[in-house]
Protein chains: 2
Amino acid sequence: MLATVIHAARDIRVEEVPRPQLSTGRDAIVRVVAACVCGSDLWPYRGVTPTERPHRIGHEFVGVVEEVGGDVENVRAGDFVIAPFYVCDGTCVNCRNGVSTSCLNGGWWGSDVREDGFADGGQGEFVRVPLADGTLAVVPGPVEPEEIPGLLTLSDVMGTGHHAAVSAGVRPGDSVAVVGDGAVGLCAVIAAKRLGATTIIAMSRHPERQALAREFGATHIVAERGEEGIATVRELTGGIGADRVLECVGTKESMDQALRSTRPGGMVGYVGVPNGGPELPVRTMFGSNVGVNGGVAPVRGYIEELLPDVRSGAIRPGLVFDLELPLREAADAYAAMDERRATKVLLRP
Amino acid sequence: MLATVIHAARDIRVEEVPRPQLSTGRDAIVRVVAACVCGSDLWPYRGVTPTERPHRIGHEFVGVVEEVGGDVENVRAGDFVIAPFYVCDGTCVNCRNGVSTSCLNGGWWGSDVREDGFADGGQGEFVRVPLADGTLAVVPGPVEPEEIPGLLTLSDVMGTGHHAAVSAGVRPGDSVAVVGDGAVGLCAVIAAKRLGATTIIAMSRHPERQALAREFGATHIVAERGEEGIATVRELTGGIGADRVLECVGTKESMDQALRSTRPGGMVGYVGVPNGGPELPVRTMFGSNVGVNGGVAPVRGYIEELLPDVRSGAIRPGLVFDLELPLREAADAYAAMDERRATKVLLRP
């Protein structure tokens, strides 16, 4: 079968690899219907994080279950499933606490450090899912082709945007600013609106993304950054800053923008993977009682909550996909996102 | 009248100073019944923060209103009042948002940088309160002498411990660890129990403070620090860490202890004034979804909530005072706290 393998920075290849086999009794083989490229996939692509040896890549996919191990109970062959961007058992104490990204038995797609094999990436024709019962969310059929992009966002970006809003404690009537206009930031706009925010400020400099943010519920667009951006957010929020700010980038600059755009006593919900390890300025936070909450989003736990709104069309996160390519052209997909020709690329095996 | 003045590190003097006068119409003169020394007063005392010129010191006091300005509506001569450790108007947007420590018109005791004079400290015979309506909380009379210590804690330490618990989101049934066994840490134990925590771990190495923590509701005492302390907290919390951790010290070490004693998805509530500017390790926080929330505690807004429990004896924060001295001996009070001979000293003018 075909699967995407990263060999080094800017060296993405779609290669013939062995088709995965069931091995633990708790696993499942999924035929991938659609996958996509994540902003965080660009880090090894750009060499920001090193690629020491070739390995599978990709961690967002939806598909149809081909076969399941003997101990699998929640998933059956033929089910249409959404896989979150990580593997979890759904039963450990951290999963029960709603933090399935800290699953005691979980792991990450595309790594092969564990004996029981978390080796497959999501950008391939088939994927072995090590802990099928905890990891996979079944979408009751039938699934129409036009639903695929929206469902695929539940594997990462929609759930991650939602996590930013939940972590920040967005409530009805709040003012919310969103830092970052990538797919996650745009989904954070959806999430803020869905949770009842009435002022939603999208910080974006790209006309197409501004338009999509408006379509998703943004009431204001702020194109400025830095001091100017902070001043504009304050102007829009009675002079004090937004009640909640959703940080969806992960750089020192974006976190600084977020912290200083938040009103005293407000909260930053952050989901941008901290790139280069920015540290938080605790004295500034202390003086104004601005909290910081969030992290790697436990999206598996949000699928059941968000799925009905995606299927009904009440929210339309699938619109973040602005390019679709066959899996064989995965290298082009990476290049398109790297060069900002695309916000989010959908891959079809 | 007499008031405490800091001249330099370890140079605390009780001096004759002019008695304050009403000046703005919105102010009040309060005769101080009891004041106290705060852990944060030790910073200038120890020279950690420089004292560039002599100024009044002290920011926690209760007393009786002597006279009020013509525009004061909520406070009358003869009222017994609690002053929080800062001045606030109670009406600006930040006050209305519950963050009166960020009052747009407020200020700090013992500073004289503002034209309208926030010069008085709390450790004196009389204090001019610049914004009396917003700042002072009236205690309906009569007030019995034995109530004074408990009421005095509402000016800072009890409200600050409560803020740690509120910021961390303590809920019934939670496991809570408290880092710091000073007056604030001990009050945080009270607050955690009051909010329904069922496992309360006090981190303390001092037998007297351990005993008081137990009396206040601690279910476990952990004397170890660092890796050992973290391991013990995890043992007591099902292997994962406490749901909420209350950081009541303010050093890099104490914040590290707090962050690593928190379970994935948990929250650190912090009120320890960051000493020396520790920065928060955002990558660690991100990976485990541990949030950080808190800051300089808006205690004014908590007085009405906590006062009934203090007066009924349901909570007994006044027990944190283990030494009482006349105001004239304020220098000894500082020395006793500096040398850890006392947890918290009450001063009587």
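## Close-up views of a predicted two-chain model

**View 1. A proline in a loop of chain B.** B:P142 lies in the loop of chain B that runs between β10 (137–139) and α4 (148–153). In this predicted model, the peptide bond leading from B:G141 to B:P142 is cis, and its omega is near -5°.

**View 2. The corresponding bond in chain A.** A:G141 and A:P142 are likewise joined by a cis peptide bond, with omega of about -5°. A:P142 sits in the loop between β8 (137–139) and α4 (148–153) of chain A.

**View 3. The contact between chain A and chain B.** Chain A contributes 40 residues to the contact, and chain B contributes 40 residues. The area buried between the two chains is about 3000 Å², and carbon and sulfur atoms give 60% of that area. On the side of chain A, the residues that lose the most area to chain B are A:V282, A:F286 and A:N289, which together account for 23% of what that side buries. Between chain A and chain B there are zero salt bridges, while 14 residue pairs are in polar contact, both residues being at pLDDT 80 or more.

**View 4. Elements of chain A that face chain B.** Two or more residues each come from α2 (93–96), β13 (262–270), β14 (280–281), α10 (282–288) and β15 (291–294) of chain A. Of the elements on this side, α10(A) gives the most, with six residues. Sorted by class, the side of chain A that touches chain B holds 20 nonpolar, 17 polar and three charged residues.

**View 5. Strand pairing across the two chains.** β14(A) is joined by two bridges to strand β16 (residues 279–280) of chain B, and the two strands run antiparallel. In this pairing, A:L280 stands opposite B:L280 of β16(B).

**View 6. The relation between the two copies.** Chain A is superposed on chain B by a rotation of 180° with 0.0 Å of shift along its axis, at an RMSD of 0.0 Å. The two copies are therefore related as by a two-fold rotation axis. Of the interface residues of chain A, 100% are also interface residues in chain B, so the copies meet through the same surface.

**View 7. A salt bridge within chain A.** Over all chains, the whole structure contains 40 salt bridges. One of them pairs A:R19 with A:E66, with the closest N and O atoms 3.3 Å apart. A:R19 belongs to the loop between β2 (11–16) and β3 (28–36) of chain A, whereas A:E66 belongs to strand β5 (residues 61–68) of chain A, so the pair ties together parts that are 47 residues apart in sequence. Side chains of opposite charge can pair in this way when their charged atoms come close.

**View 8. An open sheet in chain A.** Three strands of chain A, in the order β2-β1-β4, form an open sheet with antiparallel pairing. Its edge strands are β2 and β4 (55–56) of chain A, each of which pairs on one side only. Two bridges connect strand β1 (residues 2–8) of chain A with β4(A), and these strands run antiparallel. A:I6 stands opposite A:H55 of β4(A).

**View 9. Residues of chain A with positive phi.** A:R10 has a positive phi of about 60°, although A:R10 is not a glycine. A:R10 is placed in the loop between β1 and β2 of chain A. A:N289, also not a glycine, has a positive phi of about 55°. A:N289 occupies the loop between α10 and β15 of chain A, and is one of the residues of chain A that lose the most area to chain B.

Key. Residues numbered from 1 in each chain as written. Chains lettered and ligands numbered in written order. Predicted model: local features only at pLDDT ≥ 70, side-chain atom pairs only at ≥ 80, totals over all residues. Heavy atoms only, no water. Contact = heavy atoms within 4.5 Å. Buried area = accessible area lost by both parts, 1.4 Å probe. Salt bridge = Lys/Arg side-chain N within 4 Å of Asp/Glu carboxyl O. Polar contact = N/O pair within 3.5 Å; in protein donor to acceptor, adjacent residues only side chain to side chain. Helix = DSSP H or I, 4+ residues; strand = E, 2+ residues; numbered from the N terminus. Nonpolar A, V, L, I, M, F, W, Y, C, P; charged D, E, K, R; others polar. Pairing = 2+ DSSP bridges. Least-squares fit on C-alpha atoms with pLDDT ≥ 70 in both.
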